[in-house]
Amino acid sequence: MRLVFLGPPGVGKGTQAASLAADLAIPHISTGAILRQALERQTSTGLEAKKFMDAGDLVPDAVVLQLVRDRFSEPDAAAGWLLDGYPRNLDQASALDQLIQELQLTLDHVIFFDCAETELVRRLSGRRVCRNCGETFHIEFAPPPESGHCSGSGDCEIYQRSDDAEEAILKRLEVYQRETGPLVEHYRGLDQLIVVDGATAIEDVAQSLRGVLGLTP
Ligand code: AMP
């Protein structure tokens, strides 16, 4: 199966993508995660992306397309993939379309996770992440352990992503509305869009998602 997850920052795409990709035994390809990893490793791509990410802006299309192209060429992507956070504007959608054609593949579905902006701000500003294993917490809904370390290895460290600071959140939501919002109508027009209510609890979203994809629980 080849899927695209579309939706505003903070809607829970990443959480749903990780669990669905594991169920379907396909790679979860998050361009945001790949970029953060590149930054941790101080690669030239990571360092180039940093200023855009910190400001809540989109990293240039060509940089992200190359990351996606490279990731698609890895052996596990032959089984399918779940793209999370790509495409994020109409030019990226057409670049993805070209890449898919070039690779003689088809895109099965685009899932749009819908949620009101007030809820997104609440979710994002409280989000905390483990720097090493990526486990996600929320200061209100799923507080991190008081030790400041998650349940993974002892090296874990819980922090707030710099782009989850309030100013960057508002910028990311504004960028989302302007750049990514039009993709909803784009994919609806192509009859590829499935809408899932992303405002409900994680387990309820997971259930709706499997329901619309016709997967048995
Ligand atoms: P995310 O983890 O999906 O919220 O992405 C974090 C940040 O990485 C975004 O705010 C962008 O700066 C950058 N990023 C991730 N995916 C893309 C993309 N498809 N195009 C451009 N920038 C991206």
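Q: What makes strand S5 and strand S6 a pair?
A: Three bridges join strand S5 (residues 127–130) to S6. Two strands pair if DSSP finds at least two bridges between them, so S5 and S6 qualify. The two strands run antiparallel, and Arg128 has Phe137 in S6 as its bridge partner. This is a predicted model: local features need pLDDT of at least 70, side-chain atom pairs count only at pLDDT 80 or more, and totals for chains, interfaces and linings use all residues. Residues are numbered from 1 along each chain as its sequence is written, and side-chain values use heavy atoms, without hydrogens and water.

Q: Why do strands S6 and S7 stand at the edges of their sheet?
A: The open sheet has three strands in the order S6-S5-S7, with antiparallel pairing. S6 (136–138) and S7 (158–159) each have a single partner strand, so one side of each is left without a neighbour in the sheet. A strand here is a DSSP run of E with at least two residues, a helix a run of H or I with at least four, both numbered from the N terminus.

Q: How do you know that S4 is paired with S8?
A: Five bridges join S4 to strand S8 (residues 193–197), and the two run parallel. Phe113 has Val196 in S8 as its bridge partner. Strand S4 (residues 109–114) is also joined to strand S1 (residues 2–6), by four bridges and again in parallel. Phe5 stands opposite Ile111 in S4.

Q: Why is Ala25 called exposed?
A: Its relative accessible area is 60%. Exposed means over 50%, buried under 20% and partly exposed in between (1.4 Å probe, protein chains only), so Ala25 is exposed. Ala25 lies in the loop between helix H1 (13–24) and strand S2 (28–30), and has a positive phi of about 55 degrees although it is not a glycine.

Q: What makes Gln42 count as exposed?
A: Gln42 has 55% relative accessibility, and therefore counts as exposed. Gln42 sits in the loop between helix H2 (31–40) and helix H3 (44–55), with a positive phi of about 60 degrees although it is not a glycine.

Q: Why is the protein chain called as compact as a globular protein of its length?
A: The chain has nine helices and eight strands. Its radius of gyration is 17 Å, close to the 17 Å that the globule rule gives for 217 residues, so the chain is as compact as a globular protein of that length. The radius is taken over C-alpha atoms, and the rule is 2.2 Å times the number of residues to the power 0.38.
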